[in-house]
Amino acid sequence: MARDLAPDVERLLQFRDPNIRKKAALCSIRIVKKVPDLAENFINPAASLLKEKHHGVLLTGIQLCTDLCRVSAEALEYFRKKCTEGLVKVLKDVVNSPYAPEYDISGIADPFLHIRLLRLLRVLGQGDADASDCMNDILAQVATKTESNKNAGNAILYECVETIMSIEDNSGLRVLAINILGRFLSNRDNNIRYVALNMLMKAITVDTQAVQRHRPTILERVKDSDASIRKRALELVYLLVNESNVKPLTKELIEYLEAGNYVKDEVWHALIVVITNASNLHGYTVRSLYRAVQTSGEQVTESDAVDVIEVAIKHHTTDLTTRAMRIKDIIVQDKGNLVLELQQRSIEFNSVIEKHQNIRSALVERMPVLDEATYSGRRAGSLSAAVSTSQGAALNLSNGVAKAAAPPLVDLLDLSSDDTPAPSSSGNDFLQDLLGVDLSPASSQAGQAQKSGTDVLLDLLSIGSPSAQDSSFTPNALSKSSQDDKTSMGALERLSSPSASSIQASSPAGGSPMMDLLDGFASSPPLPEANGLAYPSVVAFESNSLRVMFNFSKQPGNPRTTLIEATFMNKSSVVYTDFIFQAAVPKFLQLHLDPASSNSLPESGNGSITQKLRLTNSQHGKKALVMRIRINYKVNSKDTLEEGQISNFPRDL
């Protein structure tokens with residue numbers, strides 16, 4: 001429709017009635033936006049509208065020219081060469097025009113026409129030195145003659161400043177524009193002060209020295225009553241900081257610094273990161289906090305501080321169970337606290353103590369040292385960039401000081417990271433986990449790790465609360481030979497060490513896509529047919545209700561990769577449905593699972609489910625294969641879970 005109407009609209013742009021010409025220009029703007037290819041048809045008619053005396057037609061003609069310049073490079077070049085001088089003359093006439101009541105607003109002749117002309121001149125002058133030189137005089141005249149005590153005048157001045165900052169370089173005009181913004185900062189209107197700060201943030205990249213002259217006024221805005229203005233002023237002050245003014249600016253900012261409700265979480269978090277990574281600030285920080293406590297209304301003396309340390313030392317020697325009960329009582333008593341933060345933390349920790357035994361030790365691990373680079377990257381939504389930066393030889397900070405690279409900050413619950421500390425596996429007492437105290441003999445650590453439910457691989461598989469299990473099942477049935485027991489314990493110790501972060505995969509049966517519990521949904525490539533060396537089959541797992549057999553093979557020339565065919569047999573008289581097999585391995589192993597042949601396991605060994613696995617051992621010949629498994633299925637619509645560790649792989653795999 002726009003293409004069909006374009007010729008008629010173009011003809012109406014030359015109509016005698018000014019109202020028709022104005023409406024035709026408005027319609028042309030719509031057509032050009034809808035069909036940019038038609039822009040060239042309106043270039044000459046639009047240029048003729050710039051000579052109009054009627055302000056309504058002139059306004060729409062200027063807007064049409066502006067839109068044509070934005071959609072057509074040909075139109076932009078044409079108006080630069082043919083119309084720049086004419087537009088400058090029109091603006092000069094408007095600025096010097098006598099009083100006209102039909103166009104007057106607050107003593108200014110048609111401020112809307114002023115603004116439209118300035119915006120078109122900005123488009124024409126941007127990137128073109130000749131056009132910029134042509135409009136310098138009129139821009140200086142507008143900037144000096146326009147009154148700033150009325151809102152209409154401020155609007156014209158703002159557009160004039162933006163035009164000056166956008167066209168090609170003229171240092172004198174830019175200083176004049178920045179001075180206008182400096183006057184805006186003292187205006188009583190909050191909106192004017194805010195837009196002035198925004199424009200100064202853009203101007204500082206063009207002329208830093210001119211902006212620096214207004215530093216005292218900008219610092220005054222840091223203590224403005226409007227929170228948005230304070231925030232923007234602080235951002236501008238941050239951009240103004242350099243080697244020559246860092247000390248006076250810091251002193252001024254410290255005087256305006258307020259704590260409490262004015263500080264957001266990310267602010268004090270960033271401050272803690274800075275202090276943690278600056279050892280020379282540790283002593284000053286402690287002394288400052290101590291003085292703050294002294295002046296807070298409750299006097300604290302040196303003897304009080306020593307008494308606290310003495311009490312802590314005495315409590316360290318008390319009975320662990322007694323301390324555990326005291327800690328639990330302290331946590332529970334805040335469940336109804338009026339401070340929501342305390343109430344939330346109390347409920348969370350109480351839930352950890354009572355319900356989540358398997359992840360408790362990981363939750364109360366010692367917090368790692370905060371890393372500045374990684375925190376900044378996460379705050380910007382770019383964790384990968386921060387990690388790559390922290391792995392370099394040195395980190396260049398914004399103040400020019402080179403800082404040695406630190407290991408990236410690791411989430412306490414980020415189990416996919418190799419740097420995650422492994423949870424303690426030595427006991428079940430909450431305080432023992434909290435304080436990192438291990439009271440058990442070293443010789444029994446491996447056995448306790450298997451029973452405590454805090455083994456790192458078991459944690460990875462223990463997502464949510466498992467359903468109640470049939471009491472007849474024995475989920476950790478392993479090989480009974482003494483040699484295999486030793487191998488199992490050694491494997492458990494390796495899996496519980498910090499370096500043994502696991503890679504976990506799960507595959508729903510029935511041909512559905514394989515799901516890696518840590519990496520999301522992904523489709524594993526099909527395993528090649530085993531046509532290499534053969535190895536004896538083993539009973540990988542057996543309970544009162546289930547038997548799992550592993551058949552092994554290798555491809556010639558690839559000793560690191562082991563192909564496994566797992567066969568699952570039902571020993572009970574009930575069909576198992578929704579059968580899912582999951583497995584996890586240490587970091588030095590890579591595991592791929594194919595979909596299972598079925599998700600239903602027939603009763604009494606009348607059929608089986610098969611599933612192919614591929615294990616790649618990066619430490620082949622040095623470390624033996626080991627795997628922790630988890631099997632889920634339903635018995636008469638009741639969820640059942642079986643778990644165990646497989647360590648009786650043939651030695652030469």
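Buried residues are those under 20% relative accessible area, exposed ones those over 50%, and partly exposed ones those in between (1.4 Å probe, protein chains only). The structure is a predicted model, in which local features need pLDDT of at least 70, side-chain atom pairs count only at pLDDT 80 or more, and totals for chains, interfaces and linings use all residues. Residues are numbered from 1 along each chain as its sequence is written, and side-chain values use heavy atoms, with hydrogens and water left out.

Aromatic pairs are considered here for Phe, Tyr and Trp (its six-membered ring), with ring centres within 6.5 Å; planes under 30 degrees apart are stacked, over 60 edge-to-face and the rest tilted. By this rule there are 8 aromatic pairs. Two of the pairs are given below.

| Pair | Centre distance | Plane angle | Class |
|---|---|---|---|
| Tyrosine 78 and phenylalanine 79 | 5.7 Å | 75° | edge-to-face |
| Phenylalanine 579 and tyrosine 633 | 6.1 Å | 15° | stacked |

Phenylalanine 579 belongs to strand S11 (residues 576-585) and tyrosine 633 to strand S14 (residues 627-635), so their pair ties together parts that are 54 residues apart in sequence. Strands are DSSP runs (E, at least two residues) and helices likewise (H or I, at least four), numbered from the N terminus. Phenylalanine 579 is buried, with a relative accessible area of 1%, and tyrosine 633 is buried, also with 1%. Ring pairs join Phe568, Tyr576, Phe579, Phe581 and Tyr633 into a cluster. Tyrosine 78 is partly exposed at 27%, whereas phenylalanine 79 is buried at 2%.

Glutamate 159, in helix H9 (residues 151-166), is buried at 8% relative accessibility. With contact meaning heavy atoms within 4.5 Å, glutamate 159 touches Ile115, Leu118, Arg119 and Arg122, leaving aside residues up to four places away in sequence.
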